[in-house]
Each structure stands twice: as C-alpha cells, then as structure tokens.
Amino acid sequence: MPPDWPDSFPDPALVPRLQQLVWGKANTQCMFVAAKLGIADLLADGPLTVDDLAAETKTNAEALYRVLRLLASHQVFVELQPRQFALTPMAELLQADAPCSFRDYAIVHGSEWYNRAWAHLLYSVEKNEPAFDLACGLSLFDFMEQNPDAATDFNNSMTALSRFEAAGVCAAYDFSGCGTVVDVGGGHGRLLTEILSTYPTLNGILFDRPNVVDAARTGLESSESGKRCQVVGGDFFAEVPSGGDAYLLKHIIHDWDDERSAVILRNCREAMNDGGKVLVIEGVMPPGNEPSNSKLWDVVMLALTSGGRERTEEEYAELYAQVGLTLTRVVPTHAVVSIVEGTTD
C-alpha cells in the first residue's frame, strides 16, 4: 500500500484553491482575448468549431482552443463536443449588443495600460500611493486626458457597468418625489437616462468633465428622455449645478480620500434645493470574512487612485456628518451597489 499523506504537508484541497487565486490574472487575460476577438458575437447564431472561430478571428486554432477550454471550465462558453463551442448565459454578457453587455468591461480590465499598475501593488502597500502613477507616470485621470483611445475604452466599460447598475437603482429607489435629478460625474448618462425613462415627469442634469459630456450629447439628444436632460461640463471640486432635488454620485466618492470626497459632497449639499438629498451609489464594505466585491474594489482603488477606497456604513455616516448631512438609510440593490442616502434633516 502507498504511504499515507504526510502530516507535515498541507491539506491537498487547499493547493488548487490557492493556485486559482494566484493564477487569477490568466482568467482576466482569457476574458480579454475572448471579448477583444468578439467570440460571443460569432457564436450568436449557434455553435461553431474552434477552427471556424480561428478562421474568423485570424488566430491560431490550437491556441484559441486552449483559451476557450479554460473559459468553458468557468461556464463562460461551453464545449458541446470536442472543439465545438457555444454560448452560455454568462458568455451572452460578452456580446456587444447584449442589454447589459460586459464586453467593454472585459476589454479594459485586460488592457496593457490598465494592467501595468498591478505589477507594482507592493509599492502601494509600502507607500500608500497609487501603483498606477508609478507604472504610467501619470494619475489615472491625467492618463485618460492624454490617451483618448484608453479613455474611450474606459468610459465605454463604465457605461456597460452602468446599464446593470442603473436597472438595480431604479428597481430599488423611488425617485417620484424629485423634480430634478443631477448626476454628478455621470459619464455618458446611462444611469440618468434610465431614471428619466422610468419617471417621465422628472428632469435631469448630466454633469461631468467637459470632454466627457461632449461625447454624451449626441446620444442624449437622440433619446426621448434625453430631451429632459441638460448637459453641463465642469469640475465637481469647484462647484456642481444648483437646483437639484437629488444628487447622484455613482462610483465617484470611492475615487477620493475623505478630504476631497468631503469637498464634492459639500458642493452637492450647498447646491441642492431645500429638502434635497445626496445619493452615493457605491459598494458598502461589509464586516467579517465573507467574500465581497467591495473588498476587491477597495484594493483596486488602492492601486489606481490617490486615496480612493470603499467605505463601511459607519465611515459614510462620518463623512456625511463632516459636510452637514445625515445618513438616513442604506438601500441595497440587485446590482451589488447600495444607495447611501444623505439629507440635511
């Protein structure tokens, strides 16, 4: 008989789990390859062999097979029979025209410029400074200003995420008591237009950097809800548009430290109508050891931003108090993010 497993060795079940964590970047890059090549779109009309997919994408069939086989093990695509692949519900999210397409999201997270920072995460841990700045020589936002192609991919990925999150916000929160909703740092306006479509009597103001909102104008002007939306460019550290009843801040506050976050929140409080509210839409950090997207995003903020972080409910309450707001409730959504409501009451 063979000898027993040595007592001094680790539990055999632990090693594959640890390897999966260590090799996480391989999964990210395989998702990037599939999204960049448009594999999910090619499979829209039915299963195809890897040879057909390789011919369509001008790639090596054997190499492409190895990538798709790994993704199929994660339920992204399915190998119906040897070397023939089809869509799965998860793979459908990588189609360019899917209602909640995550194709652009996968492309950004596998892009070379985005991944430079991760080789320098230890620098962030040692210095509490963004690894992105070290790796790219610029802050994330300055890099976007100087690299329009990267900025386009990044903004498209955020719009893709917003489709999913906007549906969650509209299903979870009642905006019927608002007259004007201001989306601060609202990008291409996906969240705001979803709210305006759901509530036909509301008006909206989309506010972001001038170059961002300029790119959003055409799409807004062509939509019915966009006709009730004013587009304003500016700097939320200086001021935000006045006269709103609700100020939305989706994935804005987590980019900044407490001091700069307080400036943004104070500007919103000072601009809003009497009885108005600030709605921070972010992941809220849970206690304990359970897995959480907020814990993952918190490290993303460490690597990519100067002082950005995810916060607990208690930390949001303290931040609100600094600017004369009271945290009245935290509303969970189906889209992972929560709505952290602040008022002057």
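## Basis

Local features of this predicted model need pLDDT of at least 70, side-chain atom pairs count only at pLDDT 80 or more, and totals for chains, interfaces and linings use all residues. Residues are numbered from 1 along each chain as its sequence is written, and side-chain values use heavy atoms, with hydrogens and water left out.

## Largest pocket

The largest pocket holds about 1500 Å³ of space. A pocket is an open set of points on a 1 Å grid over the protein atoms alone, where a 1.4 Å probe fits, with protein on both sides within 12 Å along at least five of seven lines; a volume is the space filled by probe spheres set on the points, which are joined across faces, edges and corners. Lining residues, those with an atom within 4 Å of a point, number 39 here, and Thr 28, Tyr 105, His 109, Asn 293 and Leu 296 are the closest to the centre.

Helices (DSSP runs of H or I, at least four residues, numbered from the N terminus) that each supply at least two lining residues include α1 (14-22), α2 (24-37) and α7 (103-110). The most comes from α16, with seven residues. The lining divides into 22 nonpolar, 13 polar and four charged residues.

## Second largest pocket

The second largest pocket has a volume of about 840 Å³. Its lining has 44 residues, with Phe 141, Phe 154, Gly 185, Arg 209 and Ile 252 nearest the centre. Elements giving two or more residues to this lining include α7, α12 and α16. The most comes from α12, with nine residues. By class, the lining of the second largest pocket has 21 nonpolar, 15 polar and eight charged residues; Ala, Val, Leu, Ile, Met, Phe, Trp, Tyr, Cys and Pro count as nonpolar, Asp, Glu, Lys and Arg as charged, and the others, Gly among them, as polar.
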